[in-house]
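Hi everyone, and thanks for coming along.

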Amino acid sequence: MIRYGSEIVGPVTAVNSAASTFTLLGQTVETTSTTVFDDSLAGGLSALTAGLVVEIHAQWDAARGVYVASRIEDKLNATSYKLRGTVANLDTTARTFSIGGAVLNYGTATSVPTTLANGAWVRVNLQTTPSNGQWVVSNFGNESRSRGDHSEAEIKGIITAWTSATQFSVDGLAVDASSATFREGTAGVVLGARVEVEGAIVNGVMVATKVHLEDHSSRGRGEDYELHGTVSALNTTAKTFSLRGLTVSYSANTTWKDGSESQLANGSRVEVKGDLSSDGATLTASRIEFE
């Protein structure tokens, strides 16, 4: 099983509580009722202050030009920053380009991809101190390293490019849905829509067997929330444990994959899907899979 998301590590620039957004590295990040804040950020959005270095797990909403955060953690000891996004304003002479509102200089970067071009989706590691108003690229990450062939794959994200309901991209990954089934039909499969796609990765393309539209109003219910990590603070009496700062509750209704409840232990690596509480503090597991 393979999944993709976006990740940013950098210092907060400003917070807009009224809009439930903040900025970092020239990007606008939106928080929602289902955004999980690490327990080190008690108070949620109000815990974010200018200069605080955080790690953002998010999905890119191309239609609105914002990252929609699923999880936010502090990253106080970061030795480099990270950014993913779409290249714009590429200047191969000055060796600069933009991602959102950030200007990046790759003049001293290692492993510059031959595919670098306007519109390309890239992942970069940055020095923590800007130079002349530009963020300095240390190196380019390999966006294709996990996109080799996989017979079973799943991606959740936002449609970032669209040709038709059967030919589109999710967070930069090309999807061929010509043979897929569409649970809610194809009318809502448009640029900016949030989708879950199942299928296989073949030659760097997601060949879809199923496409499911995810409505913002329904996120956080059923299996719409997903978390990966290492189990801690296991309480077999209360049937709870901690996972990445979130309390997970399981019950007789929870289904198990590649293991059973009796095998659950502190230190187990798991994937949990389920229903996120309205306060974002507890995930009621509908399925737990051992990794």
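What we have here is a predicted model, where local features need pLDDT of at least 70 and side-chain atom pairs count only at pLDDT 80 or more, while totals for chains, interfaces and linings use all residues. Residues are numbered from 1 along each chain as its sequence is written, and side-chain values use heavy atoms, with hydrogens and water left out.

Most residues other than glycine have a negative phi. S111 is not a glycine, and yet its phi is positive, at about 55 degrees. Where is S111? You'll find S111 in the loop between β10 (102-105) and β11 (121-126). On strand naming: strands are DSSP runs of E with at least two residues, helices are runs of H or I with at least four, and numbering goes from the N terminus. With a relative accessible area of 57%, S111 is exposed.

A233 sits in strand β20, residues 232-235, and counts as exposed because its relative accessibility is 56%.

On to the aromatic rings. Rings of Phe, Tyr and Trp (its six-membered ring) pair if their centres lie within 6.5 Å; planes under 30 degrees apart are stacked, over 60 edge-to-face, and the rest tilted. How many aromatic pairs does this rule give? The count comes to seven. Take Y106 and F140: their ring centres are 6.2 Å apart and their planes stand at 75 degrees, so this pair is edge-to-face. It links distant parts of the chain, with Y106 in the loop between β10 and β11 and F140 in strand β12 (residues 135-140), 34 residues apart. Both Y106 and F140 are buried.

Is the pair of W256 and F290 stacked or edge-to-face? The centres are 6.1 Å apart and the planes are at 25 degrees, so W256 and F290 are stacked. W256 is in strand β23 (residues 255-257) and F290 in strand β25 (residues 282-290), so parts 34 residues apart in sequence are tied together. W256 is partly exposed, at 22% relative accessibility, whereas F290 is buried at 13%. Ring pairs also join F241, Y250, W256 and F290 into a cluster.

Next, the inside. A nonpolar core is a set of buried Ala, Val, Leu, Ile, Met, Phe, Trp, Tyr and Cys residues joined through side-chain atoms within 4.5 Å. The largest one here has 38 residues, and F22, I56, F97 and L104 have the most contacts inside it. Strand β5 (residues 53-61) gives the most to this core, with five residues. Apart from it lies another core of 20 residues, including F168 and V197.

Last stop, two threonines. T21, in strand β2 (residues 21-24), is buried, with a relative accessible area of 14%. T255, in strand β23, is partly exposed at 42%. Counting contact as heavy atoms within 4.5 Å, and leaving out residues up to four places away in sequence, T255 touches S286, R287 and I288.

Key: Buried < 20%, exposed > 50% of the residue type's maximum accessible area, 1.4 Å probe, protein only.
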